[in-house]
Every structure is written in structure tokens, then in C-alpha cells.
Amino acid sequence: MNDLLDSDGKTQLIELGEARDVVSLRRCVLKVIEGPDLGKKVDLNRKSLKIGKKEDNDFVLSDNAISRYHLEVSLAGDGFMLSDLDSTNGTVLNNSRIKQVYLSPGDVIHIGNTKIEFQSFDEKIKIKPSTKTEYGEMVGKSLKMRQIFSVLERIAPSLATVIIEGETGTGKELVARAIHNNSPRKDKPFIVFDCSAVAPNLIESELFGHEKGSFTGAVKQHKGGFEAANGGTIFLDEIGELTEELQPKLLRALEQREVRRVGSTQIVKLDVRVVCASNRDLKKEVEAGRFRQDLYYRLSVVKVTLPPLRDRSEDIPLIVEKLLKVGRFNRDPKGNFHIVRVEDDALKMLQRYSWPGNVRELSNVIERAVSLAPGNNLDANHLAFVFQEVEHTSVGSSESFVVDTNLPFKDAKQKVVELFERDYIQELLKKHDYNVSKSARVAEIDRKHLRNLIKKYGLFARDEE
């Protein structure tokens, strides 16, 4: 994380026009809010910082009521640990005397006649865009994407916890995988845990594990996501969906780097890097009281915001080229490419579209267009037909349930059933942000069956970021 800092050890406000919002780094400071040194402050941009009245401390205070070496603040995992150094008058945090404790934003440290506030905030930083147009499985030549690539190149080798924010379908899991695959943990597990895809009463068990017999249905011991990821990386997708009851338990796991399985008294030590993603603005969720501020602080060491596809249309030709190269849908049984060229009129059509489903929707459209193209070139006509399907009439339209009496009864009934299935599922997915797991739960149908129907009718959906 330190290599994201400027030469003077401080982060700088970013001044890159419209690209200024793609990355922020957490900045932490200690500021004297009461006492002889009122207003004095120091950046926590080092591994440890000692505070006292002796001149060789990192933060020297003139208060005669404090000890020569009074306390130390040290970097511990993703946060800062406050430790009293056997001071004469002790250290008080938020009116409680302490020996050692993690700091959270807004905490007030009281030593002698001095009060010091621990402050934390996101700060936009200067990032020189990468010269590369590809990182991991992602491609892009736009300023925003090359800026993100530059950040990922620097943070991947570190242990910094990362939050990835962005709309559905922007490729948050691709970012998480790129971070893992370019880190020293690349040969260790990469575990994806979708917080929105697990029933609330099972999330604790799935995250932290459980012992046999700990609850009805626990027929054997189960290792949770954190244990499965030990030594590697756990990707907590849709972290904003985590219930308020589980947020403090996740916070403890992050602070202590340990978990306890449901029904067990044994502590399991962890060595796990945590990467999170959300299609919500978690800072706004904190302000609304739906997400814990201390958990957000622990997770947001580095925050990367992925731009929607409509804001980087210049990247679409590169993305299409990548999809056609790696997609199985573009190869025949002998492994030869089906589509070898995309015409300019097709690319222009793709660049004019707003892409509410972002890169995932683009991928679905390209796959369907390839299946319609009779030759080796993809042109605007093939895409136009696909877009007509995308804009097909919704439930309740006059076209949805027209009975064709020219067909045998069985065939006519099947056609109506298929029209119902398509329209129902299309509206269901739309209502639930195209999330397969949520839609399946609401409709009370098996998720695998829903996936098959989505595939059958060529509908847009998401299941993993």
C-alpha cells in the first residue's frame, strides 16, 4: 500500500478530470482535539508510531501529565492497534481504560490532559495510467480502465483489503481474481462467497463453518469459506447484503484473523486476504445506518470503483475481440473460430447502446449474435435481430398469449407455456436486479431449473460478479 503514496509519504488529491473517482486510499490521522498541543496532528503512514513527551517519539506532546513513552499505534492487518506502554497514568479510550485495542474512526484517546481523535477518511490519489490495455481477464484502453490497471498492478502483491464497487455486470469478480492471480497467494485457494445467494440463517455456517450436530441438518463437520480460503483469498461478493447480525462477527474475524465454527469452542487461526464487492455505495449505506462504519473502515483500505460500460464505449471493440477469442461459443467442434471479423457497422451499433447490464450483457448479446451469423463475419443485421429480442414485449402485452389454432392442441399449448415462462422469468429477473439466486427464492423454484430456463430463452441474468 505504501507504494501508492507520493514521495513525501502523503496521499494527494487526484486531478484527472472525469477519471478522478476510480480509486481512493484510506488515510488515517491522529489529531489533538483538547490539551496543550491543540490542533497538532500526524499521519499514520508508517508501521508503528510512538507517542509521548520525550523528544525521540514519533509524535511528541508537551503535556507534562503524560509519560515519556506513553502509547504506541501500530499497523495490524487491515487496521491500527492502540497499545499502552505501561504509562504512569494509563490510557483511556472512549471513557474506558485500556491496555490494547483496535482503533475505529471517531475514537477519542485520553492521556493526561490531552485528548486525541483517530480520524479516517477516503482520499482520492494521483494514479498514473498504465500503458497496458489488459490486466488479468480484463481489457480496456480508456483512461479509467488503464488507471485501474495501474492500481491493481501495485496493490495485488500486497495484503491490502480491497473493496470493489460498481454496477451489476461491470466485472467485479474479474478484478478480484486478477488481484489474487497476481499476488504471492496465486497458488493458494481463491474462494468466492456470494452474500446474497445464501439464506440469512445459513450465512454464518457457510462463512465460519459448523460442527456436527450444532443445528438441525448439521450431519457432519463443515469448514466455512474462511477456512477453505486459508493461505489464499476470499472474495466476499455483494457484501452489502450481509445482515446486521453478522456484520460484527465478520468484523471480529477480520480484526483477530480467527474464526470459531458454529457449535464449537475451538478457535481456528486464519491467514486470508479479503477482497469484497458491492453494487451499492457502501459509504452511503453507512450513512443510512445499514452498514457498520467500523466494518466499512476495516474493509476499505483500498476502494476501486469500476465504471459502467456506457462510460467507456471506446473499450467495446477490445472487449468484443476478447470475447470472441476466449468464448467457447465461437468455436466449432474442431476448435476453429466461427466469427473471425466484426464489421464496423456492428461495432458502432454496440457503442451506441447504453448497456444497462454492462459487460455481462454485452457478452450475452455477442454469444447470441454469433449463433445467428451464417458466415464468418458479424455485422449490424445480426445484432439488430438480437436487440429486437432484448426489447421484446413484456408480461401483459397483447402479443404474449396469442393462441394459434392452426397448430395441434398440444403444440399450441406448449407455445403458450413457453411464452408465459419467458415473460414471467424476464420480469422476475428485472424485478430482482437480474440476480438468479434471489429470483429463484422469490419464485420458489430450483435455482438450477431457473438457470436452464434463462439459457433456453436467451435472457440476461447474473449469478456471479
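Is N358 buried or exposed, and what is its relative accessible area?

**View 1. N358 in helix α10 of the predicted model**. N358 is buried, at a relative accessible area of 0% (buried means under 20%, exposed over 50% and partly exposed in between, with a 1.4 Å probe and protein chains only). Although not a glycine, N358 has a positive phi of about 60 degrees. Helix α10 covers residues 358–372; helices (H or I, at least four residues) and strands (E, at least two) are DSSP runs numbered from the N terminus.

**View 2. N95 in the loop between β7 (91–93) and β8 (96–98)**. N95 is exposed, with a relative accessible area of 77%. Its phi, near 75 degrees, is positive in a residue other than glycine.

**View 3. Helix α5 (residues 247–256)**. Seven of the 10 residues of α5 are buried, so the helix is largely enclosed by the rest of the structure. The buried residues are Q247, P248, L250, L251, A253, L254 and E255. Just after α5, R257 takes a positive phi of about 55 degrees.

**View 4. Lining of the largest pocket**. The lining comprises 36 residues, of which L323, R360, S363, N364 and E367 lie nearest the pocket centre. (On a 1 Å grid over the protein atoms alone, a pocket is an open set of points where a 1.4 Å probe fits, with protein on both sides within 12 Å along at least five of seven lines; lining residues have an atom within 4 Å of a point.) Helix α10 gives the largest share of this lining, six residues.

Residues are numbered from 1 along each chain as its sequence is written. In this predicted model, local features need pLDDT of at least 70, side-chain atom pairs count only at pLDDT 80 or more, and totals for chains, interfaces and linings use all residues, while side-chain values use heavy atoms, without hydrogens and water.
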